[in-house]
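This briefing sets out the computed features of one protein chain. Please read it alongside the sequence and structure shown here.

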Amino acid sequence: MVYLWYSVICGKVWMAENGFDDKTLKNNNMTKIFGVAFILSLIISFVLVLFLGPERDAMTGASAGFMAGLFWVAAAMGITYLFERKTIRLFMINAGYHVITFTIMGLILGGWR
């Protein structure tokens, strides 16, 4: 999901909003970045499934994931972006990623028994 969102779907705009170019991005340790992102995603999913509780289903999971993504993660990011004076476009890209990811994560965890 990360790769699709930040390269195929929003890649060019995201790069422009951050002032990145292809050369800048190629000089990073992508194994480390994706590895740490994967570990953090596991932590997020573990806490989300605890939040959902034992009596869950796919729709409850998706709804809770959506609300957590929009009203906790995106709202908190919004506060930070206001103080850091980041653009609304960058906020929409980054917050949108988390809202969609939390929704999908909730859907999977809610339906998984």
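Val47 has a relative accessibility of 48% and therefore counts as partly exposed, since the exposed class begins only over 50%. Val47 lies in helix α4, which covers residues 30-52. The model is a predicted one, and the points below are grouped by topic.

**Overall architecture**

- The protein chain contains 6 helices and 0 strands, and its pattern along the sequence is α-α-α-α-α-α.
- The C-alpha trace extends over about 50 × 30 × 20 Å along its principal axes.
- The chain has 113 residues, of which 31% are classed as buried.
- Considering contacts between residues at least 6 apart in sequence, 74% connect residues at least 24 apart.

**Surface and charge**

- A nonpolar surface patch comprises Val36, Phe38, Ile39, Leu40, Leu42, Ile43, Phe46, Val47 and Leu50.
- Together, the residues of this patch have about 890 Å² of accessible area.

**Helix α5**

- Thr80 is located in helix α5, which covers residues 58-84.
- With a relative accessible area of 37%, Thr80 is partly exposed, because this value falls between the 20% and 50% limits.
- Thr80 and Gly61 are separated by 19 residues in sequence, and their C-alpha atoms are 27 Å apart.

**Salt bridges**

- Side chains of opposite charge can pair when their charged atoms come close.
- The whole structure holds 2 salt bridges.
- One of them joins the side chains of Arg89 and Glu17, with an N to O distance of 3.8 Å.
- This pair connects distant parts of the chain, as Arg89 belongs to helix α6 (residues 88-111) and Glu17 to helix α2 (residues 11-18), 72 residues apart.
- Arg89 is partly exposed at a relative accessible area of 49%, and Glu17 is also partly exposed, at 23%.
- A salt bridge also links Glu84 and Lys86, whose closest N and O atoms are 3.0 Å apart.
- Glu84 has a relative accessibility of 44% and is partly exposed; Lys86, at 39%, is likewise partly exposed.

Notes:
Residues numbered from 1 in each chain as written. Predicted model: local features only at pLDDT ≥ 70, side-chain atom pairs only at ≥ 80, totals over all residues. Heavy atoms only, no water. Helix = DSSP H or I, 4+ residues; strand = E, 2+ residues; numbered from the N terminus. Buried < 20%, exposed > 50% of the residue type's maximum accessible area, 1.4 Å probe, protein only. Contact = heavy atoms within 4.5 Å. Patch = residues over 30% accessible without salt bridge, like charges linked within 9 Å, V, L, I, M, F, W, Y side chains within 5 Å. Areas by Shrake-Rupley, 256 points an atom, 1.4 Å probe, with all protein chains shown as cover. Salt bridge = Lys/Arg side-chain N within 4 Å of Asp/Glu carboxyl O.
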